Each structure stands twice: as structure tokens, then as C-alpha cells.
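Here is a short briefing to read alongside the structure.

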Amino acid sequence: MKKLKGLTQKEATKRLREYGYNEIKELLHISPLQILLRQIKNNFMVYLLFVGALLSFFVGELVTGYTIFVIIVIVIFVGFFQEYKAESAIKSLKQIITPISVVIRDGKEVEVPSRKIVRGDIVVLRTGEKIPADCLILEEKELKINESTLTGESKEIKKFAAKNKKNYREDNQIFMGTYVVNGKTRAEVLHTGMNTEFGKIAGMISRAEKELPLQKKVNRLAKYMAFIAIVVSVLTGAIMLIRSTSFSYSILVEVLIVVIALCVAGFPEGLPVVIISTLAYGAYRMSKKNAILSRMSIIETLGETTVICADKTGTITKGEMTAKKIFIDNKVISITGTGYSTKGSLLLKNQKIDIKRDGKKENIPLNLLLKTSILCNDAKIERKGTDSECSIKGSPTEASLLIMSAKAGIFREDMRITRKEELPFNSERKMMSVLYREKGKNYVYSKGAPEILIKKCKFVQREDKIIELSEKEKEKIMNFNKTFTLKKYRVLAIAYKETSYFDKNHFENDLVFLGLVAIEDPPRAKVKSALLSCEEAGIKVKMITGDNKETAVEIAREIRLPGEVLTGEEMDKLTDDELSKIVNKTTIFARVRPEHKLRIVKALKQNREIVTMTGDGVNDAPTLKESHIGVAMGISGTDVSKESADLILKDDNFATIISAVKEGRTIFSNIQKFVTYQLSCNYAELFVIFFGILLGLPLPLLALQILFMNMVTDDLPAISLGFNPPYKGIMKAKPRKKSSILNRELILLLAIAGTILGLGTLGVFYLTLNSLLAQGVAESIAITTARTTGLLTLIFFEIANAFNFRSFKYPVYKLSLFTNKYLVYASAASILLTALIIYSPLNLIFETTPIGIFNVIIAALVSLSIVVVFDALKVMSKKERFF
């Protein structure tokens, strides 16, 4: 590969991240050690805590210093555990959509996971499939490869079969990571994994993982909070020094102790850990609803989606094609049965048709049509056990033709003829043709879109002869086509001819028209309710199809999707600016090609819409990359579309996209809840210490006590808030306009909560201290008791406040205690651990003291004020919000 020469590490990294990042992550396995080192390198809090520990040792607070070191180890290893767990979870989810390759073993085509291909295997590759290894081409039919992964150029490259296995050129090879854009091939595997050309680039790139955008935002918030803490601590230290009558070592030690306490109070140590836990859990929850994430960072964008552009076939409809009607020789034949079952019959005027295959002259057009349907076909059907149900391999549309012929008792296995040449189907030509050699003669068999194929036909088959196809006859055929499409059928035209030419340029000229096959593909059961959810959520839905305009309109009418219609032909006449002006009011796009999809996405983005686009074909890859969220089909999608997509639908169902949007909204809302909650707790701790010193009080909370709160009573409830279920109205709110974690309302909420927590805690500390001193209690004992009571008050405050953040809308009293059972468990654990540091020998380390039931009751009652205030605010606020 000439383009590989001279690539720098940076260039290689850029190329692979753009074209093949998912596959590179498989080649370059990220080890646990690398994740651990990344935690140390990227966690800003670790460095700040380390400085705090050094300061503690400097002022003689050895217990605090050692404890901070323990906290550093806990932060790193908890972060490592959560990230390793997240990496493993995402890897497991991706294995649900395992890349499959077809190989020939023991003379049969079998499907195997691509990673299990070995050198010497013969692989069979078709349009849209990703090449799993470096291979030598043995056979090919119109083979074209996109090698942009390796070369950086998107130009299609024609490939040829090797004449000699020992002496071959680059155009006789196909390479791992590239994909087939046209044709088919059989190729022998030469190299796999890191020994491939793709693997050579992989060896050049950095093994570092991309940072999640959400994680970046959280880390940025943590840095802002740390900056505020440093500023407040320096300011407080300055105030203490100014107030002191003289400067001494003891004064400096006292100031540094306060500075350490303030710095620790402002550091939200567990925030990065919480974000990873929430995203990993969200990805797992989405997988349970058949939505597999390729990257967790799209969760943020899912909640912002304003437009969903969905393919009709297989996404809005079931994708289980069933041939229901045949128009042939001026007659309409009905076909009974549904799905992929061979139970059924061909009926003419309610009478079963007896298909003759013994050379007699009955039903010649129908025999030829069924034969053409089988031979001009790349799909396969296989019986499931002994019943009539079949499994399919290949296109559902082509499989429906095989099932149709099977109902008439005609099977490919019974035909002893050989395919010599072919012109594969693609979205440009909208037809397929094959050349077969039979009994010394050559026959071309074709199928395609009626309006395309009819132009290639010069004759029409009758029962007893072939006659010229007149314009009047063409008009009649197209009228029947329209009749079928108005009944929501997808229609294929079938034709053939006998030829003396092997030249593919003459394949599709002067064909003999055989008939039309009307194929049913009913809408999915849950589509109507999903569309209603979209309407309530302020999400516009566009239906995109390659089908006829009339078919698209009828399907849209059945699923109650109103709006204007635009065809691909009409779109070709519009400029990009003209398209952007009408794209919002257009709901149905018919007879579109992949390049039309790309224009639609760009037009919607020009109108500042957040676009989710579905796609399953090889040519859909650019559109999936261009859209904000590219969605591939797990069942019918090509390898290329899955590689390009951000989200893969395991069931190909439109309703799954809506479930994914709902989960995305829920996850982002939960992130906002726990971030606001956790920062309000850090703000409260800063408030207590800063204003306590400002008012001339003894230090209300010690650094070790604050660390305990941050790691236990902050982090445990914060993590559990990531498991909040979606609230009832989440899909009735309009999409977010901005993706910032903290908006003005949340900052105000944070400030209100932090201030109430700070005032309540400082008030309890002040009153307890003065009450004890008034009773003649020794000052040291009074300070320790007041500090313990204040600590307990703030812990109760934080637990009560967490229950507020289960919902931004509903008051606490309207929600069941077990709305979020994990929060109940986290709160119980926090209370138990708090009791341990107060009533066990651990109180010597944390410098607390056992307190009486009266102090505990005071702390609990005061902490309930935060619930009362927040419930009052929620009740007064009638405006429905979505955060």
C-alpha cells in the first residue's frame, strides 16, 4: 500500500479514528494497567489531594496526611474499577452485534465470527460487507472496493482476480478494514489481525482512548470548583493572618490547617467516577431495549434530537417481505401465506394454480417469472427443522421471491444451470441482471424497479408467444404498478431474454417483460405510539424510502404521519438553499438515493436541527457520519453502515430509536441532578468553613471530616442518583437547546441548596458551641461536641438533599420512598458509616465525640428544612421543565 509509506503517528491516529476506530480498539486491546495509568494521569483531583497531603505532613497533621493518601488510592482504584467495568460493558454490548463473515469450509458456505477467520480460509464477500482480513482475490464479479481506511481517498477501486497465487499485484488483493461497494468476490485469506496492512497502521497509533465529551465537561466543572476552593482558602488564610496580632509558627500552622480544610471542601473527588458509572449503566440499560451504543458520548446528543429521519423499509415497517400479488399476461394472481413460511398457494380467481415443470406448455409466463425470481437472486432460504418456517440469508426482498417460488414447488436446488456473469443491483441502477448457461443457450434474467426495467423491455411474454411491447401495453403495466403501490405494496418488475452475447454491455437491452410482483411489508405494531411520543416530545419524523411515491404516501397515511411529499427526482431540481427552505415541512421523501439522504441531513443541519438518521446500506455511510447520530440496523444493516453508526438497533425497530432517545434524556437529566447535588454539597462545606472563620468562630469542620463526607455522604448518594428512573413527562418536554450540564436555573438551585445547608450547619454549630460554653463545659470539649453535631447536621442535610434531586419537578412527598431504591441503600450506608466515626474508636482519628439523642434530633429536624424549602419551590413553579 503506497499510501501507508511515510505516515506519522499523528497521521495514522487521525486516519484510523476517522475511518476504523472501533476495529482498531479490537486490535489494540487496552490493558488494565493502561486504564490505571490513565486514571492517575487524567484525574485532576489526585494532584490537588496530593498537595493537600504534603501540606498536612508539613503542619504536623500526620493522620490527616496519611488519610488523604488513602483517599487518593481509593479515588484512583474506584475510578479504575468503574472505567474498567465500563470498558468491559461496552465491549460486551458490541459483541451482541458481532461482525459475521461467510467462509467456505468443507465445501459449504458457513457463517463465522470475523475474528475467528484464519489464514487459508476462503471468504465470500458481497456489496456492503467489510473485509475481515487481507485476502487474495480468486473470483470476482464487478468488484469495486473503497480503501479510504488505508489510503485516505474515497475513490472506488476496481479489483481483479489473481491469475497466479504466487505472482500477483496489488489490484488482486483486498485489505482488512476496507469494504465492498459493488459486486462480489471469493478470496483466500493471507493475513489476519495485526499482520494486515490495517494492523500495521494500528501499531503506529497511540493506545490512549478518546475522552468522553461529558467527562470533559465534568472535569472542567471540577477544576472550576477547585479554583474557587483555592481562591476562598487563600482569602480566608489572608483574613486570619490580618486578624492575628503577631506572626508565629503556630499561627502559620493554624492558617494552613484551615487552607487544607477549605481546599478539601471544594474538591469534588468522586465526580469523574460518578459520570463513568452513570454512562456505563445507561449504556447497559439501553442495550436491554435493543439499542447498542458504539460510543457512550452520544448519550448527551440523544436527548437533544429534534429530527429523526427513518428508513421506511425494515425500520418503520417490519422488513418481513411477503409476495402477495403477481401481474402477468394481463392476469392478477394472489399468493396466500405470510412471512418466511412456505405454507401458501398461488390462486387465480380463487382457484389454486398447478405449476407445470415438465416441459408442457401451460403457464409458461408464470414458470418463467418464478424461475427468473429464483435465478436473479443472491438470497438463500433454509428450513427451520421439519416445519415450513424458513430462515433467510440476504435481502428480505429477494428472500420473499424465493418463498413465493417455494409455494409453487420451485426451488433453486432443482435447477442444474450455472451463473456465468452478472450485473449486481445498486442504488443508482435500481435493477439486477444475471447471465446463465442452460442447454447450450445463454439466458439473461433481470429484476428491478418497474419504471426502470420497463424502459429496457422491447417485448412481452404471452402464454403462447412473445410479442412486441407497445406503448399502450407499457401504460397498462404502469397503471397496474400504480394500483399495487396505492395498496402499500413494494413492486418489482421481472424480465428475461435469450441472448447470444456474453458482453455485459448488452445484458439489459431488448428484454422480454414477464410481470410484476407486489410485495407486502406491513408497518410495525408499535410505530403509531412511537410517532405519538415523538410529537409530544417535539421531535419531527421524516420517512425516507426508495419506494414509489404512492406506496410511501399510503404507508404514511396508515401510520398517521401527515405532511408533504418530495421525490428524489424533484430534489434533483432544487438547489441546497431551496431544499433547506422546504425540508422542515416535508415529511415523506420517496424514490431517494443515498446522495439524497446526505443532502437532506445537510439541509436540516443548516436549519440548526439535531438530526438522527437511520441507514443500512453501504452508500449510507457518509450520511450516517454526517448526521449528529447515525443509526444502523443490526439485522439488515451492512458492516459498513454499522461501522459508521453511533447507535445500532438490534431489532431494526423505529420504536427502539424512541426508547434510546428517552434513555438519553433520562441519563443526561440524571447527570445534571447528581452534578448539581454534589456541587451544592461542596459549596455548603466551603460556606460553613469560610463564614465560620469570617465570624471568628473556631474551625467548624476538619479536613478529615470533610474528606469523609466527600467520599461517603456525597459520592454514595450521587452515584445512586445516576440510577433515577425516567419521570413521567420526560417525553412530553421539548428537546434541549443547549447541552451544558449546568444552566442558570441549576446554578441558582445549587446556590440555594448550598446556602441552606451552610446556614443550617453553621447555625447548629454556633448554637451548640455557645450553649455548651454557657453551661461551663471546657472549651476543647465544647468545640469537639459542636463540631460533631455540625458534622452530623451537614451529613443529614446532604442525605435529605439527595432525595430532593430525584426529580426537578415532583416534590418529595409525591414520590415513593423507593422511587430510587439505590438512594435508600446509599443513605442507609452513609448513616451507618457516620455512626461508626462518632460512636466507635474511629472517633479518635476523625476527632469526633459521641453526642446525645437531643443533638441527633436537632440535626435531623434542621436538615429536613431543605426538603420543605425545595418542595415549596417545586409546588410554586408551575412551568414544566426538562433538564
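This is a predicted model: local features need pLDDT of at least 70, side-chain atom pairs count only at pLDDT 80 or more; totals for chains, interfaces and linings use all residues.

The protein chain has 883 residues, and 57% of them count as buried. Its secondary structure comprises 31 helices and 28 strands.

**The chain as a whole**

- The accessible surface of the protein chain is about 38,600 Å², and carbon and sulfur atoms contribute 57% of that surface.
- Among contacts in the protein chain with a separation of 6 or more, 72% link residues 24 or more positions apart.

**Helices α24 and α27**

- Helix α24 spans residues 654-694 and helix α27 spans residues 779-804; their axes come within 10 Å and cross at roughly 160°.
- Because angles over 145 degrees count as roughly antiparallel, α24 is roughly antiparallel to α27.
- The crossing of α24 past α27 is right-handed.
- On the α24 side, the contact is made by Tyr677, Ser680, Cys681, Ala684 and Glu685, while α27 brings in Leu794, Glu798, Ile799, Asn801 and Ala802.
- Sorted by class, the contact of α24 with α27 holds six nonpolar, two polar and two charged residues.

**Helices α17 and α24**

- Helix α24 also meets α17 (residues 527-536): the two axes come within 9 Å and cross at roughly 35°.
- This crossing of α17 and α24 is left-handed.
- From α17, the residues Val527, Ala530, Leu531, Ser533 and Cys534 meet Phe654, Ala655 and Ile658 of α24.
- The contact of α17 with α24 has seven nonpolar residues, one polar residue and no charged residues.

**A look at proline 396**

- Where does proline 396 lie? You will find proline 396 in helix α14, which covers residues 396-407.
- Is proline 396 buried, partly exposed or exposed? Its relative accessible area is 23%, so proline 396 is partly exposed; the buried class needs a value under 20%.
- Setting aside neighbours within four places in sequence, proline 396 is in contact with Gly319, Met321 and Tyr340.
- Threonine 313 is 83 residues from proline 396 in sequence, yet their C-alpha atoms are 9.9 Å apart in space.

Technical notes:
Residues are numbered from 1 along each chain as its sequence is written. Side-chain values use heavy atoms; hydrogens and water are left out. Helices (H or I, at least four residues) and strands (E, at least two) are DSSP runs, numbered from the N terminus. Buried means under 20% relative accessible area, exposed over 50%, partly exposed in between (1.4 Å probe, protein chains only). Contact means heavy atoms within 4.5 Å. Accessible areas come from the Shrake-Rupley method with a 1.4 Å probe; for residues, only the protein chains shown count as cover. Axes are lines fitted to C-alpha atoms, for helices over the stretch in contact, and angles run from 0 to 180 degrees between N-to-C directions. Angles under 35 degrees count as roughly parallel, over 145 as roughly antiparallel, 65 to 115 as roughly perpendicular and the rest as oblique. A crossing is left-handed if the near helix is turned anticlockwise from the far one by less than a right angle, and right-handed if clockwise. Ala, Val, Leu, Ile, Met, Phe, Trp, Tyr, Cys and Pro count as nonpolar, Asp, Glu, Lys and Arg as charged, and the others, Gly among them, as polar.
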